[in-house]
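Visitor: I have just opened this one and would like a slow walk through it. Could you guide me?

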Amino acid sequence: MEPRLNCQIVQDLLPNYIEGLTSDITNTSIQEHLATCGECRKVLEQMTRDSQEIKVVPPKHINFLKKVKRRQLIIAGTSVTIAVALLIGAYFLFGTRDFPVPASDAKIGEVFQTQDGTIHYRITANVKGFVSRVSTHGNGHTEVYRIFEHRQLFSKEKESSVTMPESWLSTKNAKTNQEKTGIYFEGINKEDRITIWEKGMTIPQATAEQEAAYQKYLGR
């Protein structure tokens, strides 16, 4: 025969008993105790009511909780968006990165053509910060020269004049026989360009001294 349970043990077991988590033997002992103990029956009734109230939430209360949760999600999402925007804005305004040197800050000089048709030119640019890279690209018939400076968007550094190394460009590709028709300096975009040379343009012919420098450049 199972020993009888006292009130304290029974009341400690009641939450699990209500949820159906106790064993059959324990259930039998609890029920025998409840049959003779009015105090524990009252505790069981109160616990049962409390449990039912928790499980059965009124629809209006559920809708209110959904609205609160939705509002919290909106606030959290907005906060994250604002934080990201502030970080991007701070980087945009105060971070250093590469900017193309505009055509208005560039000057083209020493443009001449050698006897074999090679075009020589040199570019001087006003730069804030420092020259980070130089690029040349084209479609085979043209060559586009660009200079990039590394600085903040609103740089407080004074401009300095930087003269780039001289450039030599053959107007005819020895392998493909493809002919160049134009050389350009490009600033911020395609509309921001300086024409260095185009086919048919009259430019100075190289002097004897310049021809000698060209031969030295070729390693002859």
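**Inside the core**

Guide: Not counting residues up to four places away in sequence, Ile 183 touches Ile 119, Tyr 121, Glu 143, Leu 169, Ile 194, Thr 195, Ile 196 and Trp 197, where contact means heavy atoms within 4.5 Å. This is a predicted model, in which local features need pLDDT of at least 70, side-chain atom pairs count only at pLDDT 80 or more, and totals for chains, interfaces and linings use all residues. Residues are numbered from 1 along each chain as its sequence is written, and side-chain values use heavy atoms, with hydrogens and water left out.

Visitor: How many residues does the largest nonpolar core have?

Guide: It has 18 residues, and those with the most contacts inside it include Tyr 121, Ile 183 and Phe 185. A nonpolar core is a set of buried Ala, Val, Leu, Ile, Met, Phe, Trp, Tyr and Cys residues joined through side-chain atoms within 4.5 Å; buried means under 20% relative accessible area, exposed over 50%, and partly exposed in between, with a 1.4 Å probe and protein chains only.

Visitor: Which element gives the largest share of this core?

Guide: Strand S3 does, with five residues. Helices (H or I, at least four residues) and strands (E, at least two) are DSSP runs numbered from the N terminus.

Visitor: Switching topic, how many salt bridges are there?

Guide: The structure holds seven, a salt bridge being a side-chain nitrogen of Lys or Arg within 4 Å of a carboxyl oxygen of Asp or Glu. One of them joins the side chains of Arg 146 and Glu 186, at 3.6 Å from N to O, and this pair links strand S5 with strand S8, 40 residues apart in the chain.

Visitor: Are those two buried or exposed?

Guide: Arg 146 counts as buried at 14% relative accessibility, and Glu 186 counts as buried at 6%.

Visitor: What else lies by the side chain of Arg 146?

Guide: The backbone oxygen of Gly 187 lies 2.7 Å from a polar atom of that side chain, and the backbone oxygen of Ile 188 lies 3.4 Å from a polar atom of the Arg 146 side chain.

Visitor: And how many disulfides does the structure hold?

Guide: It holds zero disulfides, a disulfide being a pair of cysteine sulfur atoms within 2.5 Å.

Notes: A polar contact is a pair of N or O atoms within 3.5 Å; within protein, one must be able to donate a hydrogen and the other to accept it, and residues adjacent in sequence count only if both atoms are side-chain atoms.
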